[in-house]
Amino acid sequence: MDNILTILKAVILGIIEGITEFLPISSTGHLIIAEKFIELSQNSSFVASFQVIIQLGAILSILVLFWKKLFPFGQGEAHCKKTISLWLLVIIGVIPAAVLGFLFDDFIEEKLFSPLVVSVALIFYGIILILVEKCKKSPIKITDVNLIPVKFAVAIGFFQCLAMVPGTSRSAATIIGGLLLGLSRAAAAEFSFFLAIPTMFGASLLKIVKNGLSFTSFEIVLIAVGFVVSFISAFAVVKFLMSYISKNDFTVFGYYRIILGVVVGILCLFFGF
């Protein structure tokens with residue numbers, strides 16, 4: 001019975017990861033909050049590895065959904081060159097986060113992984129997201145990710161570094177950066193998705209090296225469950241998001257962030273959350 005309950009916890013955490021990884025609402029923040037209610041294991045090293053590895057399930061959904069755009073071979077020379085150029089943009093864009101993440105990962109994990117930090121970041125960037133949508137005057141300059149200039153890729157890469165603070169959301173930071181630079185919502189979202197591939201693989205590798213891979217057979221089952229559920233839920237969410245933003249803006253996610261941030265802040269300040 002205990003094992004079934006633990007598997008159910010892995011399913012819930014996989015759903016949370018899959019839903020929140022690509023929406024601009026912070027997957028890390030949601031997982032930190034969820035930890036307060038769902039204790040997957042008393043082995044903190046395993047929990048850290050679990051959270052990292054199931055992220056790869058969400059990343060796999062991007063590779064599957066955008067396979068034709070991301071795989072350079074088998075579709076002609078022109079497509080091959082176009083795809084390789086896109087990957088170069090992604091690699092350039094990921095460099096700032098790779099450098100700063102490597103340098104400050106331990107400090108951030110030790111000092112900033114708390115519900116109160118998550119609360120502040122949720123509210124602050126929720127307000128920013130709403131303001132960007134309501135107040136930005138610049139016209140849309142880029143509707144295709146393949147047309148993003150190198151300097152824009154670098155700039156979005158620096159925006160991504162803001163997400164090193166839990167609760168910010170990597171998706172929110174990069175989408176806000178893209179919108180401010182004149183990308184369409186679809187192009188900003190797509191580039192955010194593509195940046196996630198090397199970013200999350202690199203972050204996952206760093207965490208796995210630090211935490212090790214010595215798991216029991218049951219822990220492997222939990223990881224597999226979380227991974228699969230994360231993949232399925234992320235797949236569904238990305239398809240929904242691309243359809244949603246074709247007719248709507250990101251404002252609703254800003255309001256959601258603020259409401260959740262206020263609730264978490266109240267729990268922290270008055271109930272010792």
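Is Ser169 buried or exposed? In this predicted model, Ser169 is buried, its relative accessible area being 5%. The residue is found in the loop that runs between helix H7 (150–161) and helix H8 (170–180), and its phi is near 90 degrees, a positive value in a residue other than glycine. Arg170, which lies in helix H8, is likewise assigned as buried, with a relative accessible area of 9%. Between Arg170 and Lys239 the separation is 69 residues in sequence, and their C-alpha atoms are 18 Å apart in space.

A positive phi is also found at Ser26, where the angle is near 80 degrees, again in a residue other than glycine. Ser26 belongs to the loop between H1 and H2, and with a relative accessible area of 2% it counts as buried, because the cut-off for that class is under 20%.

The packing of two helices was examined next. Helix H6 (residues 115–135) and helix H11 (residues 251–271) pack with their axes 7 Å apart and at an angle of about 155 degrees.

Attention then turned to the open space in the model. Rolling a probe the size of a water molecule over the atoms shows where empty space is left. The largest pocket holds about 1,200 Å³ of space and is lined by 45 residues, of which Thr28, Gln55, Asp105, Phe113 and Lys207 lie nearest its centre. At least two residues of this lining are supplied by each of helix H1 (2–20), helix H2 (27–37), helix H3 (44–65), helix H5 (77–111) and helix H9 (185–211). The largest share of the lining, 8 residues, comes from H5. By residue class, the lining of the largest pocket divides into 23 nonpolar, 15 polar and 7 charged residues.

Terms used
Residues are numbered from 1 along each chain as its sequence is written. This is a predicted model: local features need pLDDT of at least 70, side-chain atom pairs count only at pLDDT 80 or more; totals for chains, interfaces and linings use all residues. Side-chain values use heavy atoms; hydrogens and water are left out. On a 1 Å grid over the protein atoms alone, a cavity is a set of points where a 1.4 Å probe fits but cannot get out, and a pocket is an open set with protein on both sides within 12 Å along at least five of seven lines; lining residues have an atom within 4 Å of a point. Grid points are joined across faces, edges and corners, and a volume is the space filled by probe spheres set on the points. Helices (H or I, at least four residues) and strands (E, at least two) are DSSP runs, numbered from the N terminus. Ala, Val, Leu, Ile, Met, Phe, Trp, Tyr, Cys and Pro count as nonpolar, Asp, Glu, Lys and Arg as charged, and the others, Gly among them, as polar. Axes are lines fitted to C-alpha atoms, for helices over the stretch in contact, and angles run from 0 to 180 degrees between N-to-C directions. Buried means under 20% relative accessible area, exposed over 50%, partly exposed in between (1.4 Å probe, protein chains only).
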